[in-house]
Amino acid sequence: MNETVNTRNQPQAASAPGQDALVHALPRLKEAWTPSSQLVRFENAPLKLECGQSLNSFQIAYETWGQLNAEKSNAVLVCHALTGDQYVIGTNPVTGKPGWWETLLGPGKPIDTNKYFVICANILGGCMGTTGPASIDPATGKPYGLNFPVITIADMVNAQVRLIDHLGIGQLFAVIGGSMGGMQVLDWAARHKERVFAAMPIATAARHSSQNIAFHEVGRQAVMADPDWCRGDYHTHHKVPKNGLAVARMAAHITYLSEDALHQKFGRNLQDRSSRTFSFDADFQVESYLRHQGSTFVDRFDANSYLYITRAMDYFDLAAESGDVLANAFRNTRTRFLVVSFTSDWLYPTRESRDIVQALNAVAANVSFVEIESNKGHDAFLLDEPEFFATVAGFVNAAAQHRGLKA
Amino acid sequence: MPHQHRPAAATLRPDHQLIAEMVTTGARVIDVGCGDGALLDVLARDKAVDARGIELSREKVNACVARGLSVIQGDADRDLSDYPDDAFDYAILSLTIQATRHPKTVLENLLRIGRRAIVSFPNFGHWKIRKGLLIGGRMPVTENLPESWYDTPNAHLCTIYDFADLVKLVDAEVEDAFSFNARGKRLGIKQSIWLQNLLGEKAVFLLKRKH
């Protein structure tokens, strides 16, 4: 196995002339190919995928904060959600916005980077530097597109395992993630029990519900119905399926909120006008808001990545691999768990967190479970929820004591 | 074991102190209806137990987890059946059984998931309660049972006699049992059950299943 570590901003390989033109036309691709974050490449070290195929070579783009202690016992792995990335803290190089979980992680935060070594890697199939459908297929010299193999949550975790091995960390002190990040947390806890001291699956489920698969299918169909998608080969045709991806994002965005949150934020208010225009303009503020969400998303995200990652979530069913008994997935676990749900989250409702808790109880695992009162829907896990922060801090501090980490 | 938020000794509930004395050091314990986690805190601090809790109130659960306790939001009637047999050395139900929907099933589950069960409850046979009903002719309202009949969560109140009958019914063995008053003072062990049932404000039973 060959591991190449690259420092920031060093190009991976001499890019073909066509690739330069692509980056010029679509600056986002620079981050997909030559990310500004830390990078490790695994050459001729096949990553065997659940679909049966392998990736002979692949790269992982990741960020770290804080210091790994001498015992290497204070590492916290953050798993990001569907459209997240490794920029948990600090300015995102594509959007220029602050990190997506600065509410929870950072100096003096519930997960304190003065105390813990925090790692977050872009997921396999992503478009922020880890190998995904926008990456260059070594076989063709062109972006993979639909030649990229279909991946699963377990494949994403297996790629992260390579990174953790590369960093020389045996056991992670904690693995934390919300939504699809929570699925990765559950997969870590189920298949790599001895490597996870504490696990925090947040606003997530052990299997994707039929309703969630349905919403994802709407999104994928919107992308694939866009003529600019070009059967996944849009980069070669110098096109981007912007309209399709924007509609996919708009539909998905509704599922991240709640009726109450939408009503409070927008009600039936009109957008910059005093009366209805009797047209299909964005008369309502909520329409204007969704259009904005859709159009900013296409500037930062790859349409094929969206297809592959939503598929991985759909395929996730932790119980299915354990004789349809979820508890079997956690048998003999010694991991400490904190399961968190939010009252108004209808995408990953509390009952799905309760299913996880029930399975953990069935194996008498050490589990804490809190349901946080919030009207903000699924997105609550990313927002300012003091009670959520207090429970995470309490859980992490107690786990640190049990792990023998210094206060 | 160091613990983050040590409650001052003065805030210890007397019945918690009595229960804590029954638990052996280092045991695996679940406190069903653990409230704000005060008993779990005592057990973790003084007895180094592997302490878990279940609590119905979301606010109390969140407060417990925020102070570092392993507690889940759940319901004694619904969630005890999830646990495997002998998952714990002690399954504790303190001043909660009277508020469950199915006390018999709850007790059976406690005896199944715990090698021993510790159950405390307010004694409805106490003389003040008898007096309230006998003289006043109304459902008694006392310091121990302060809610009016239409407000109370206590759907299944019982006397020490009643509970002893249930223990027999579920085929459990009494290893220890005594009654105590509000300040946690145990009644003299020489008192007959008849007298304990009259004078004890609360009672606690240490139980073990026979088979």
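The text below describes a predicted model.

**Strand E5 of chain B**

Strand E5(B) spans residues 114-122, and seven of its nine residues are buried, so the strand is largely enclosed by the rest of the structure. Buried here stands for under 20% relative accessible area.

| Strand paired with E5(B) | Residues | Sense | Bridges | One bridge pair |
|---|---|---|---|---|
| E4(B) | 88-94 | parallel | six | Phe88(B) and Gly114(B) |
| E7(B) | 202-209 | antiparallel | seven | Arg116(B) and Lys208(B) |

**Interface of chain B and chain A**

Chain B contributes 26 residues to the contact and chain A contributes 28 residues. Together the two chains bury about 2,000 Å², with 46% of that area on carbon and sulfur atoms. Of the area that chain B buries against chain A, 27% comes from Arg58(B), Asn62(B) and Asp82(B), more than from any other three residues.

Two salt bridges are found across this interface. One of the salt bridges links the side chains of Arg58(B) and Glu371(A), with an N to O distance of 3.1 Å. Between the chains, 13 residue pairs are in polar contact, both residues being at pLDDT 80 or more.

On the side of chain B that touches chain A, strand E2 (50-55), helix H3 (58-66), strand E3 (70-73) and helix H4 (76-79) each supply at least two residues. H3(B) provides the largest share of that side, six residues.

Key:
Residues are numbered from 1 along each chain as its sequence is written. Chains are lettered from A and ligands numbered from 1 in the order in which they are written. This is a predicted model: local features need pLDDT of at least 70, side-chain atom pairs count only at pLDDT 80 or more; totals for chains, interfaces and linings use all residues. Side-chain values use heavy atoms; hydrogens and water are left out. Buried means under 20% relative accessible area, exposed over 50%, partly exposed in between (1.4 Å probe, protein chains only). Helices (H or I, at least four residues) and strands (E, at least two) are DSSP runs, numbered from the N terminus. Two strands pair if DSSP finds at least two bridges between them. Contact means heavy atoms within 4.5 Å. Buried area is the accessible area (1.4 Å probe) that two parts lose on being put together, summed over both. A salt bridge is a side-chain nitrogen of Lys or Arg within 4 Å of a carboxyl oxygen of Asp or Glu. A polar contact is a pair of N or O atoms within 3.5 Å; within protein, one must be able to donate a hydrogen and the other to accept it, and residues adjacent in sequence count only if both atoms are side-chain atoms.
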